[in-house]
Amino acid sequence: MYFPLKHPTVILSRLSSSHSFHTHNFKTPIHQTLHHLLEQCSSMTHLKQLHAQIILHRLTSENLTVGKLISFCSVSASGDLRYAQLVFDQVHEPNKYMYNSLIRGYSNSNDTFNAMSLYYHMINSGLSPNEFTLPFVLKVCAAKTAYWEGVAVHCQAVKLGIGCQVCVQNGLINVYSVCGLVHCARNVFDEMSERSLVSWNSMIGGYSGVGYVKEAFGLFREMRGFGVEPDKYTLVNLLSVCSQNCDLDLGRYLHHYVVVSGMVVDQILRNALLDMYGKCGHLASAEMVFDQMSCKNVVSWTSMVRAYAKHGCIGVAQKFFDQMPLKNVVSWNSLISCYVREGQCREALGIFQKMLDSGVVPDEATLVFVLSACSQVGDLVIGKEAHDHISKSNIAVTVTLYNSLLDMYAKCGAVGTAMDIFTQIPEKNIVSWNIIISALALHGYGSEAIRIFKQMQEGGIWPDEITFIGLLSACSHSGLLDLGRFYFERMRSVYRISPEIEHYACVVDLLGRCGCLEEAITLMRGMPMKPDIVVWGAMLGACRIHGNVDLAKLILKQLLELELHGSGLYVLLANIFGEAHRWEDVKNIRKLIKDGGVIKNRAVSSIEIDGCVYEFMVDDNRHALSSSIYSILDQLTDHLKSLGYNPTALFDIEEL
């Protein structure tokens, strides 16, 4: 409300009955009036009018009154932080109250940079923070996951003698919990002489954040033992840890507690119950909670989509998604990720396009899912469009997003672009190195992959088992026999990584390709686990390269013992026998496939033309121009034969 100041003495007389002129040492009656009007202020329009009067009456040096003005702009829901900063900048010597108000405002608006800058400015100006400063500074540290800054604030709190203030300790518990150091948070919690409900909730929330279900519920029992009644935030934290651990029994116990205790169940708590049942796979209970909700928001609908999507019920997830009155980016991400996870990447990319058409702006998670879909189907066009979107938008490119771009370009065959992306990553993690090493290996750049590995070592990055799969694969694809042996030995002796079946498969493939079949067999015999289909496939590939039919027949016996139902290795065997003109053996393989319940897996190929990806199989007639395509293929075959081309007699699964 606007109060005109034409008659300040009249206003003063009305206020004089309840406010003493001498209480705050006001300079003039007008000063007192303006100060009390600031306390009643409810809008920026009114505040600016009062500010004008403060300037007009030369009261800008009165820190008490100017502090009230800054406080309203900083903290009030109808305030203006920018205006607060402008006023603050004009104050010659700001006091603690001004600093605290502005730091609180920036903290509540998630402006971490300005909040911390102001905090450092306060210290440098000679003012010591107090118990009203540090909780909001700690809130900023938690938002930034700034562990060392949190530790510095903790030290300062102890030094100033306010480290035992409950509000400061609650902030410390939150910072340490967010940074994943729950043991530090628990140390603070255990040292508290007085604990508020916020203290208990913060500590339980810390355990919940890292999935410590036993500790979270232990603290819940201890809390009730002290007579502290939990609120909805306590239960939301506990339901969250049940969701993470898929602990349906404890989740049901909490639901029972809510019902028996008569606790008021608001939308936040209902959504937490819904999420718990959904993630624990009890979809009937999730739908029951959903149906009982009188008011469903976007979180409720998205929880249902995610519940069915997580458990592979794409059709039901799509049904709930289509019924949603309002969709946000999380809703779209839930559905897109579902299709990607189920291998239906074309559908996922189609949904992404609908998302863009609806005007919803994709976030980092969306783009990670989309790039994953592009990687799986080799769609470089949409992958590049996603990359362009990242470049043009304000999305902060994290290492996760960089890795997704790197993986997409690598799997789509653009190794050069992948290398360019790799060099742009400011802080590479182990995943970044593994992706580029595996990409170079896949495309036959073995020496380059080894160079990158050496660069990785020089940077102090410790390789893991995935690194060595890529490295050994690089040696295999490039025929680097000695280096392959060397790194396989170093993997165990230097890096203390026990070889898994994948590492053995790479080395068997390397030895087989290089003609060291006896050494490969010896390695297989010494494996701590039984060879799987990949290892036997590598040996069969070597048999075909070197025409070792006798060894192939021995491998056939092993395959029969494994009772493999896939057709790939049997087709490979048939081709080995066919190339050796062992037609009786080919006939036996055909009979084995027919009578042994072997599943015939039809291979799918894809080709990209003018930005569109087309998939096709043997004898595929789905394309509208299939007759013309086959006609061209026949012409090409006739032309090749006229030039003397005589293809080796190979067998595909349809022939077998």
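Is Glu222 buried, partly exposed or exposed? Glu222 is partly exposed, because its relative accessible area is 30%. Keep in mind that this is a predicted model.

**Salt bridges**

Let's stay with Glu222 for a moment. Its side chain meets that of Arg186 in a salt bridge, at 3.7 Å from N to O. Glu222 sits in helix 13 (residues 213-225) and Arg186 in helix 11 (residues 182-191), so this pair ties together parts that are 36 residues apart in sequence. As background, side chains of opposite charge can pair when their charged atoms come close.

The count of salt bridges comes to 12. Here are some of them, with the distance between N and O:

| Pair | N to O distance |
|---|---|
| Glu149 and Lys144 | 3.1 Å |
| Glu222 and Arg186 | 3.7 Å |
| Arg346 and Asp379 | 2.8 Å |

Now for Arg346 and Asp379, whose closest N and O atoms are 2.8 Å apart. This pair links distant parts of the chain, 33 residues apart: Arg346 is in helix 21 (residues 345-357), while Asp379 is in the loop between helix 22 (364-377) and helix 23 (380-392). As for cover, Arg346 counts as partly exposed because its relative accessibility is 30%. Asp379 is buried, since its relative accessible area is 2%, and the cut-off for buried is under 20%.

Back to Arg186 and Glu222: together with Asp190 they form one network, joined by salt bridges that share partners.

What about Glu149 and Lys144? Glu149 has a relative accessible area of 21%, so it is partly exposed. Lys144 has 36%, so it is partly exposed too.

Where does Leu625 sit? You'll find Leu625 in the loop between strand 2 (612-616) and helix 36 (626-642). Leu625 counts as exposed because its relative accessibility is 52%, and the cut-off for exposed is over 50%.

**A covered helix**

Last stop, helix 2 (residues 29-39). How many of its 11 residues are buried? The number is 8, so helix 2 is mostly covered, given that buried means under 20% relative accessible area. The buried residues of helix 2 are His31, Gln32, Thr33, Leu34, His35, His36, Leu37 and Leu38.

Notes. Residues are numbered from 1 along each chain as its sequence is written. This is a predicted model: local features need pLDDT of at least 70, side-chain atom pairs count only at pLDDT 80 or more; totals for chains, interfaces and linings use all residues. Side-chain values use heavy atoms; hydrogens and water are left out. Helices (H or I, at least four residues) and strands (E, at least two) are DSSP runs, numbered from the N terminus. Buried means under 20% relative accessible area, exposed over 50%, partly exposed in between (1.4 Å probe, protein chains only). A salt bridge is a side-chain nitrogen of Lys or Arg within 4 Å of a carboxyl oxygen of Asp or Glu.
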